[in-house]
Amino acid sequence: MTDTTESTDGFDLSPNEARVLAVLIEKGFTTPDQYPLSLNAITTGCNQLTGREPVMQLDESEVSEAISQLLARGLVGRYEGARVVKYEHRIRLRHSLPPAEQAIMALLMLRGPQTAGELRSRSERMHRFDDIPTVQAALEHLSEKYPPMVMALPRAPGTKETRYAHLMCGEVDVASAMAASAPSTPGGLAARVETLEAEVVALRAELHQLKINLGEAD
């Protein structure tokens, strides 16, 4: 096993680095018998189709580069196995995070801003929270660390619950995050329906013209 002593805080991670770190945290909980992970296993976890927002398509060279950066930051450790090199996260040591807070950070990095209720329901395989106030207490502790690791987003119009975002990739684009979580307005929904209806009419007209050209029209 090798170690690093780099003292960077790791609060300006790239999206690829955040995804790799989050996968290592997640799999440390959910697949302990297969942990630490090989480069191939990490790549598979990064490109998983479920529980990921956004879904990514990273190749092994991109994942390897992200691992190298995380090694330099002291957020990942490397093990020289008998057949293959494996890696584990060190966020629990680097930032003194207990399991509950590790699970929250993994979910926020894997799935983007979420409410305390969403975090509780989605964390079952990593850590079981007794209730939503327990999740909120962990979020509050993470937000009070120096530097803070999560932040509460302003509530978007029409929403009742506060959403939280991680800060491992630097400052959050609050406007974009709020827009993504805002419910559709009746006017916006009506406009989308109208657009879809117009597209259907246009497609039907094109199909009818195609049938005429082929001599198949009624």
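Good morning. I begin with Arg 73 and Asp 12, whose side chains meet in a salt bridge at 2.7 Å, N to O. A salt bridge here is a side-chain nitrogen of Lys or Arg within 4 Å of a carboxyl oxygen of Asp or Glu. Because Arg 73 lies in helix H3 (residues 60–73) and Asp 12 in the segment before H1, the pair ties together parts that are 61 residues apart in sequence.

Please note that this is a predicted model, in which local features need pLDDT of at least 70 and side-chain atom pairs count only at pLDDT 80 or more, while totals for chains, interfaces and linings use all residues. Residues are numbered from 1 along each chain as its sequence is written, and side-chain values use heavy atoms, with hydrogens and water left out.

Are the two partners buried or exposed? Arg 73 is buried, with a relative accessible area of 13%, whereas Asp 12 counts as exposed at 53%. Buried means under 20% relative accessible area, exposed over 50%, and partly exposed in between, with a 1.4 Å probe and protein chains only.

The whole structure holds eight salt bridges. Another joins the side chains of Lys 27 and Glu 26 at 3.6 Å, N to O, and both of these residues are buried.

Helices (H or I, at least four residues) and strands (E, at least two) are DSSP runs, numbered from the N terminus. H1 covers residues 15–30 and reaches 22 Å from its first C-alpha to its last, close to the 22 Å expected; the expected span is 1.5 Å times one less than the number of residues. Twelve of its 16 residues are buried.

Finally, the pockets. On a 1 Å grid over the protein atoms alone, a pocket is an open set of points where a 1.4 Å probe fits, with protein on both sides within 12 Å along at least five of seven lines; lining residues have an atom within 4 Å of a point. The largest pocket holds about 610 Å³ of space, a volume being the space filled by probe spheres set on the points. Of its 26 lining residues, the closest to the centre are Glu 53, Leu 108, Gly 112, Pro 113 and His 166.

The second largest pocket holds about 180 Å³. Its lining includes Glu 26, Lys 27 and Thr 30, and H1 and H5 are the elements that give two or more residues to that lining. Thank you.
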